[in-house]
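Here is a short briefing on one protein chain. Look over the sequence and the fold before reading on.

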Amino acid sequence: MKTFAPFITSLVVAFWVAAIAIISVQNATPVSLKFLTFQSVQIPVGLVLAFSACIGLIAIAILQPLWGVAGSRGSRLEDDAEFFVDDEEF
């Protein structure tokens with residue numbers, strides 16, 4: 001099962017890269033992003049999508065080890081598993 005997860009991850013990333021490529025070819029009009037009072041220069045939609053995907057991948061790559069550290073401090077699930085043992089057969 002451990003070899004299956006990287007395959008699915010690669011498949012999802014490949015799908016999104018292909019979707020970005022198709023959308024950017026079909027819609028090459030420049031757009032500008034606005035946030036509160038800030039406004040970016042006009043860049044094509046494909047670049048906006050590619051930058052957003054890259055920022056998301058980098059953020060998840062950084063946050064994923066932090067989630068692993070936070071979850072290893074003391075797992076309540078292991079303690080709860082011993083408490084909720086059901087000996088009855090249904």
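Is Leu36 buried or exposed? Leu36 is exposed, because its relative accessibility is 74% and the cut-off for exposed is over 50%. Keep in mind that this is a predicted model.

**Overall fold**
- The protein has three helices and four strands.
- Read from the N terminus, the order of elements is α-β-β-β-β-α-α.

**Burial and surface**
- The protein has 90 residues, and 4% of them are buried.

**Leu36 and its loop**
- Leu36 sits in the loop that links β2 (34-35) and β3 (38-39).
- Its phi is near 55°.
- That is a positive value, and Leu36 is a residue other than glycine.

- A nonpolar patch on the surface is formed by Phe4, Phe7, Ile8, Leu11, Val12, Phe15 and Trp16.
- Together these residues have about 740 Å² of accessible area.
- One of them, Phe15, belongs to helix α1, which covers residues 4-26.
- Where does Phe15 stand, buried or exposed? Phe15 counts as exposed because its relative accessible area is 54%, and exposed means over 50%.

**To take away**

Conventions. Residues numbered from 1 in each chain as written. Predicted model: local features only at pLDDT ≥ 70, side-chain atom pairs only at ≥ 80, totals over all residues. Heavy atoms only, no water. Helix = DSSP H or I, 4+ residues; strand = E, 2+ residues; numbered from the N terminus. Buried < 20%, exposed > 50% of the residue type's maximum accessible area, 1.4 Å probe, protein only. Patch = residues over 30% accessible without salt bridge, like charges linked within 9 Å, V, L, I, M, F, W, Y side chains within 5 Å. Areas by Shrake-Rupley, 256 points an atom, 1.4 Å probe, with all protein chains shown as cover. Salt bridge = Lys/Arg side-chain N within 4 Å of Asp/Glu carboxyl O.
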